[in-house]
Amino acid sequence: MEPAPGLQEKYYLITRNLQEVLGEDKLMAILKERELKIYWGTATTGKPHVAYFVPMSKIADFLKAGCEVTILFADLHAYLDNMKAPWELLELRTHYYENVIKAMLESIGVPLEKLKFVRGTDYQLSKEYTLDVYRLSSMVTPHDSKKAGAEVVKQVEHPLLSGLLYPGLQALDEEYLKVDAQFGGVDQRKIFTFAEKYLPSLGYAKRVHLMNPMVPGLTGSKMSSSEEDSKIDLLDRKEDVKKKLKKAFCEPGNVENNGVLSFIKHVLFPLKSEFVVLREEKWGGNKTYTAYEDLEKDFADQVVHPGDLKNSVEVALNKLLDPIREKFNSPELKKLTNAAYPNPSKAKPAEKGTKNSEPENVVPSRLDIRVGKVISVEKHPDADSLYVEKIDVGEPEPRTVVSGLVQFVPKEQLQDRLVVLLCNLKPQKMRGVESQGMVLCASSVGEPRQVEPLDPPAGCCAGERVYVEGYESGEPDDELKPKKKVFEKLQADFRISEDCVAQWKQKNFLTKLGRVSCKSLKGGSIS
């Protein structure tokens, strides 16, 4: 039996590889008196992927430090977040999460008996909790709630009330789970500071907050359940793992936004305290690293080749995934997986004479987005708040576009400017002038509202196609039918990244010359 860790070792285990800790003094004070009580929550939405090994690895650290750890399956949150988990699938997805998270923990050697597992609906529907939700709602403005959830809750132009409730519920969870600390990704920071502000107003204690960095996905952006190429599913076959790792961003010598290196740092090293780079004898043979910094330095110096690094991660990752695949190979869990995440392509076709409410395939390639050059700008003859712009999009005649940019962009700044134009909306009259497209703009989340037209890369020509990464080959609709709301459904996932790049589900808007961006409105929406 290993001896219990001392105070400094406990602090090291709890905080290693974290990006930020809010409440370090309180954390140390608690550790001097007793073991820390901490919780990690996960909304039961999309299928967990290999990036979930990052929090699992930290949970192993917490247990080694003697912490009392609670894992919350936040089923109610999953529904509140823009209905990411439909009500009819909520129970099934929560059951799936319980099984797959436990399988992950077992695969890295975490004893389940030392953990407490809780569902949100076990206590969030109680009289006391509900009353606290009402008490909190009497103190919080919609602006503060929207701001708190900006990095976590799906941002849409007209948010549902459910998404505004989300941060408050997460704050109350800290009190109702009777913990000292909450652990999550740094994308949760605004919710954590929201909790620190409002819980004392209800007479409850401020908690410690521990934050992991956001681990890049295989494409170099955040690993996401909704972005297929950025993630490796826990149940992916070995050949799929190989294929995805082969395509992963891992530029020689580049250690920035390198998802392969990040996975080694945040998962494989903490679990094994070493990493073996596998390579043929003619290239120097296998090399064992006992410090991540040495591996990173060798990769930066191009001593370690990306191909060898990927192959080594593939072997190590499959060792973690094998017991999970084996467990989910049972008929019972296969049935659960298919029921919780039904394949949309196998959905029953609508019966003859009935309407199918969903478009068959709502993908970004259906949008005809082009680079446009503004060749003239005038005030609308009947509306001082509107511009009438003539925009060259590579057609024989320029298009007439009516926009509401008057209060945001001076006329002279639009003249001769390259913009991004959605060209296949149905033309519509705006105060008597027919508009033949929409200038796509970034819009700030908070108040006062700020708007900036999206900028194509320098050197683009009018008429060049703008596409979403991974959707280069599809043909756009001739005209988007208003009743189908194709643009509106895609727009719900449009966003400006932290480095001001226009994205759909974290996939970049691109032209052949590079990424589409805006000047400064990171985290904003696109409309």
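Contact is taken here as heavy atoms within 4.5 Å. In the predicted model, the buried residues of helix α9 pack in this sense against β1 (20–22), α6 (127–137), α7 (142–148), α8 (161–176), β5 and β6 (208–212). The buried positions of α9 are I191, F192, F194, A195, E196 and Y198. The helix lies across β1, β5 and β6, and its direction makes an angle of about 180 degrees with that of β6.

The loop that connects β5 (181–185) to α9 (189–198) contains Q188. This residue counts as buried because its relative accessibility is 16%, below the 20% cut-off. With residues up to four places away in sequence set aside, Q188 touches V152 and Q170.

The strands β1, β5 and β6 belong to an open sheet of six strands, ordered β1-β6-β5-β2-β3-β4, with mixed pairing. Its edges are formed by β1 and β4 (115–119), each of which pairs on one side only. Neighbouring strands in this sheet are turned against each other by 25 degrees on average, direction ignored. Within the sheet, β2 (residues 37–43) and β3 (residues 68–74) run parallel and are joined by seven bridges; K37 stands opposite E68 of β3.

A further open sheet comprises three strands in the order β17-β16-β23, with antiparallel pairing. Here β17 (451–453) and β23 (525–526) are the edge strands, each pairing on one side only. Two bridges link β16 (residues 441–443) to β23 in the antiparallel sense, and S443 is positioned opposite S525 of β23.

Terms used: Residues are numbered from 1 along each chain as its sequence is written. This is a predicted model: local features need pLDDT of at least 70, side-chain atom pairs count only at pLDDT 80 or more; totals for chains, interfaces and linings use all residues. Side-chain values use heavy atoms; hydrogens and water are left out. Two strands pair if DSSP finds at least two bridges between them. Helices (H or I, at least four residues) and strands (E, at least two) are DSSP runs, numbered from the N terminus. Buried means under 20% relative accessible area, exposed over 50%, partly exposed in between (1.4 Å probe, protein chains only). Axes are lines fitted to C-alpha atoms, for helices over the stretch in contact, and angles run from 0 to 180 degrees between N-to-C directions.
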